[in-house]
Amino acid sequence: MRHAGAGLVVDLFSGVMPLHAALDYHLERHNILSSNIAHVDTPGYRPKDLARVEEGSFDQVLGVTMERTSAAHLAAGSSSSDDTGRVFTDATAGGGADGNYVSLEREAGKLASNQIRYDIVSVLVSSELKGLLWAANDGKAG
């Protein structure tokens, strides 16, 4: 038997969960873009980026289902990083004489833009959590 109020606790955090996914996405993208910058002098390197998967999980977006081929493998959907996005090669900047496609200015711009978005989402998460704290304290400053 399920307690009638049990679902309410989950609903309290419904505003924070999409923001949590956004923070994960921007953190993962930061790591990928930083790696591109680290490879600015690596011959033949092609930069990567992260495309956001907006709705649901990969099986819903791509119309495929993950299946374990062995009981020792992780269960499908057990890793939250799988839901943040899809890594792709971004060769739109064009290659240099050594075959390296990294444009330092372009990658630095993408990194700065991503950092601003991360900071904005962080402020939103903080605001949501302060609202929950206020409500938990019966409307009194916590």
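**Entry 1: the helix 2 and helix 4 pair**

I started with the crossing: helix 2 passes helix 4 with left-handed geometry. By that I mean the near helix is turned anticlockwise from the far one by less than a right angle, with clockwise being right-handed. My helices (H or I, at least four residues) and strands (E, at least two) are DSSP runs, numbered from the N terminus.

The model is predicted, so I noted the limits: local features need pLDDT of at least 70, side-chain atom pairs count only at pLDDT 80 or more, and totals for chains, interfaces and linings use all residues. Residues are numbered from 1 along each chain as its sequence is written, and side-chain values use heavy atoms, with hydrogens and water left out.

Next I looked up the packing. Helix 2 covers residues 17-38 and helix 4 covers residues 104-136; they pack at about 160°, with axes 9 Å apart. That angle makes helix 2 roughly antiparallel to helix 4. The cut-offs are under 35 degrees for roughly parallel, over 145 for roughly antiparallel, 65 to 115 for roughly perpendicular, and oblique for the rest. Axes are lines fitted to C-alpha atoms, for helices over the stretch in contact, and angles run from 0 to 180 degrees between N-to-C directions.

I then sorted the residues in the contact of helix 2 with helix 4 by class: 13 nonpolar, seven polar and five charged. Nonpolar here is Ala, Val, Leu, Ile, Met, Phe, Trp, Tyr, Cys and Pro; charged is Asp, Glu, Lys and Arg; the others, Gly among them, are polar.

I went to K110, which lies in helix 4. Is K110 buried or exposed? K110 counts as buried because its relative accessibility is 13%. Buried means under 20% relative accessible area, exposed over 50%, partly exposed in between (1.4 Å probe, protein chains only).

The side chains of K110 and D49 make a polar contact of 3.2 Å. Such a contact is a pair of N or O atoms within 3.5 Å; within protein, one must be able to donate a hydrogen and the other to accept it, and residues adjacent in sequence count only if both atoms are side-chain atoms. Beyond four places in sequence, K110 touches R29, L33, D49 and D90. Contact means heavy atoms within 4.5 Å.

E107 is also in helix 4. With a relative accessible area of 1%, E107 is buried. Setting aside neighbours within four places, I find E107 in contact with L33, N36, I37, P47 and V102. E107 and N36 are 71 residues apart in sequence, yet 7.2 Å apart C-alpha to C-alpha.

**Entry 2: two further residues**

Y25 sits in helix 2. Y25 is buried, at 9% relative accessible area. Its C-alpha is 9.2 Å from that of V53, 28 residues away along the chain.

L132 is in helix 4. L132 touches L12, F13 and V16, leaving out residues up to four places away. L132 and L12 are 120 residues apart along the chain, and their C-alpha atoms are separated by 7.6 Å.

**Entry 3: the whole chain**

The chain has four helices and two strands, in the order α-α-β-α-β-α. Of its 142 residues, 20% are buried. Among contacts between residues at least 6 apart in sequence, 77% join residues at least 24 apart.
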